[in-house]
Amino acid sequence: MQRGQIKSDEPVREYNEETTLPTLEEKTLTLPLIPLPDLVVFPGAMTPLVIGRQRSLRAMEEAISNGMPVALVLQKDPTIMEPRAEDLQSIGTVADLFQPMPFPDHNVRVLAEGRFRFRLLQITRTDPYYLALVEEIPETRDADPETMALERLVRRQFEQLVQNSRSIPPDALMTIAGADDPSRIADLIASFVDLKTKEKQEILETLPVKARLRKLAALLERELQVLDLEKRIESKVREGVTASQREFILRERLKAIQEELGERDIFMAEVEELRDQVNRLKLPDPARQRALKELDRLEKMPPMSPETGVIRTYLDWILSLPWKKRTKDNLDIDRAQKVLDEDHYGLKDIKERILEFLAVRKLTEKTRGPILCFIGPPGVGKTSIGKSIARAMGRKFVRMSLGGIRDEAEIRGHRRTYVGALPGRIIQGMRQAGTKNPVFMLDEIDKIGLDWRGDPTAALLEALDPEQNNAFSDHYIEVPFDLSEVLFILTGNVTDTIPPALRDRLEVLHFPGYTEDEKIQIAVRHLIPKNLDHHGLTQTQLTLSESVLSHIIRHYTQEAGVRNLERQLATIMRKVAVQVAKGKMAPARVTLSSVEKFLGPPKFRLGEKQSQDEVGVATGLAWTGAGGDVLSVEVTLLQGSGRLALTGQLGEIMQESAKAALTYARTVLARLGLEDRYTEKTDVHIHVPAGSVPKDGPSAGITMAVALVSALTRLPVRADVGMTGEVTLRGRILPVGGIKEKILGAHRAGLRTVIIPKENQKDLKDLPPKVLRDLQIIFVEHMDEVLPIALPAFANLKPRVAQPVVPAGA
């Protein structure tokens, strides 16, 4: 179809600049079509349009340049940029376009004057603009009394709406007054009233005039009711504003009078400033009411009154607390994982728990902050990982040390009746954080004291209970404060000193201490770079190999954490820094032979395996605060009075294990027919070397039993075998703790075989693969399985055959 062509039921005619506009008697027309996203144009109404889509702009240009009308139709979905026929309403308006005005953003504003309704039959072309086949819908004219009554009704309603609404221009009444056709009146009023687009389309599609007027009257009545409700609400608001304005005016006049009399001073200025802050800040109702009450008291007091300073300090605290200010959580799980891994090596369980909390927080905002408790030896990163958690979540971090606190008021604050009263540590920490959802670390929870002034742990129960900490009460503030969004993290070395009621509210996560391999990785990734920076050195000026780090860990530190290791590294770097500052030293490389030059002779000696198989000497595995180690159990038999001697600072439990092991060893002798090896005149001396170090626990029972059987049977014990486990009188092997650390200690000492209780098999999952490859780990349930392994010659001993019992009277 050529440009300007209009199709109708009559023969096709071409339109150009000389042709005339098609007459409205034609019932079917082919016209340029412009889809409207959210606007309805009515016949007879003048409506401004803003056109921006390329097809619509071309259709507008085509219509204006050829003096043609266009078909305007509403889209069903305003978000569709290139609608199809099924995306358009079936009824629209044919309109004339004029006065186009281009905007800088390439949109064009144009006026559209509606002419008549049409029914969309078909879109015949889409490029370069929409061309549509439309059918004119003729208007019906009703002159019955009901139509006239409806017309007068909508006129009156529209007049009321214009008088009471600011959105309709007053000259709209003149436009309506000049119309005498009911259909035209309905269309004009619908175009002026601020109705929803869907409602306007329904009016456009209502063809009978009487039904259209009835529907319009119902919508106008609704708008009048809404307008009346708005006026009543505005009146109430104005009354409130008037009251506040009246108070403001009176206060301003009072200020002016005081200034004229020379009574206006700094004190009143401060009071007014505090009042402005209270009104400006969005405080919770209880806090706001309390602050205003205290302000009224302050205003009536003489400036030199002692109570004035107390009230001003109280108001400063109220206004400085983060009642509603919070930071937005960063819930990116991958980023949190990256941050935690960057700051700390290992600690898998702790990191998993934090990621679980973030995942749940991402799925639902109703979750309460968990109360985590990190328990572990010193120096394993309990406090520092709290800072990493805050960084990963994008929260503020606050730390409060509880060590040595003995007064309950330190937690809940002092009442204002006391001179110099202040809020408790928790409220002070919240003020320091400046937000209501920080990461709040309570350090050294296991070192809180208790005396006649109260129990601080009891005061913590409310703050650390997720069910009631949304209204934490501080004695000083005396207004409930919401702590439910705070992520509390407690740290300690042991759980024994934490009261059961408090421990029940905590989710305890244990820090087991670092292995030697983990310490080396921490040193390489964190400690060495940090200390090089602190000492002004570069990586080219100092080199430390992993073998040197291992030597330092073994012989210059004895700890579960890495604090002492960091001190030793700092010592080396200070000595290197001295030489670099003097300009006398080339890049330093610390070797095994030069460690003593920097750190002096070794300070600690780790246990090592026996050099050869010996009778009465067995190697056990120990778990200390510094990790796993090996220790020897020595047994010697002497002539005496049947006494059992125990030396080496053995604790009560370990002494009981020795007695149980001796009883079991005597049953082995009886089974082998070697009762003469132990008589009532045989003294047994059990010694565990490193006598200055206290030792306790049941896990040396199996080692003592093997050493006793070896001494009594005179069979040597394998020097490359280590063992741990509790032994019973019947020879059963019971599970013990610290398996991971003990096996690592055995591997470090050069043992080849390790015997552990079978029930501890589950504890091997976190061991490095290299350790599992190098060691033969044997799981046992009874001493009968242990003795042939630890005592190779034991299998050659034959048990005594029991003599048959002869029945009496035979």
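In the contact between helices α22 and α25, Ile 702, Ala 705, Val 706 and Val 709 of α22 meet Met 783, Val 786, Leu 787 and Ala 790 of α25. Contact here means heavy atoms within 4.5 Å. The residues of this contact comprise eight nonpolar, no polar and no charged. Nonpolar covers Ala, Val, Leu, Ile, Met, Phe, Trp, Tyr, Cys and Pro; charged covers Asp, Glu, Lys and Arg; the others, Gly among them, are polar.

This is a predicted model: local features need pLDDT of at least 70, side-chain atom pairs count only at pLDDT 80 or more, and totals for chains, interfaces and linings use all residues. Residues are numbered from 1 along each chain as its sequence is written, and side-chain values use heavy atoms, with hydrogens and water left out.

**Helix pair and sheet**

Helix α22 spans residues 701–713 and helix α25 spans residues 783–790; they pack at about 60°, with axes 11 Å apart. That makes α22 oblique to α25. Angles under 35 degrees count as roughly parallel, over 145 as roughly antiparallel, 65 to 115 as roughly perpendicular and the rest as oblique. Axes are lines fitted to C-alpha atoms, for helices over the stretch in contact, and angles run from 0 to 180 degrees between N-to-C directions. Helices (H or I, at least four residues) and strands (E, at least two) are DSSP runs, numbered from the N terminus.

An open sheet of seven strands has mixed pairing and the order β17-β18-β16-β15-β20-β23-β24. Two strands pair if DSSP finds at least two bridges between them. β17 (644–647) and β24 (776–780) stand at the edges with a single partner strand each, so one side of each has no neighbour in the sheet. Inside the sheet, β15 (residues 617–624) and β20 (residues 721–723) run parallel and are joined by two bridges. Gly 620 stands opposite Met 723 in β20. α25 packs on this sheet and touches β20, β23 (753–757) and β24; its direction makes about 150° with that of β24. Helix α21 (residues 652–672) lies across β17 and β18 (682–687), at about 140° to β17.

**Burial**

Which residues of helix α18 (residues 546–556) are buried? They are Val 548, Leu 549, Ser 550, Ile 552, Ile 553 and Tyr 556. Buried means under 20% relative accessible area, exposed over 50%, and partly exposed in between (1.4 Å probe, protein chains only). Their cover includes α17 (516–534), β12 (542–544), α19 (563–582), β13 (588–590) and α20 (595–599).

Six bridges join β2 to the antiparallel strand β5 (residues 108–125). Met 46 stands opposite Glu 113 in β5.

**Exposed sites and backbone**

Asp 38 lies in the loop between β1 (28–36) and β2. Asp 38 touches Leu 74 and Thr 197, leaving aside residues up to four places away in sequence.

| Exposed residue | Relative accessible area |
|---|---|
| Asp 38 | 53% |
| Gln 99 | 54% |
| His 106 | 67% |

Most residues other than glycine have a negative phi, and most peptide bonds are trans. Gln 99, in strand β4 (residues 91–102), has a positive phi of about 55°. His 106, in the loop between β4 and β5, has a positive phi near 75°. The peptide bond from Asp 127 to Pro 128 is cis, with omega near 5°. Pro 128 sits in the loop between β5 and β6 (130–136).
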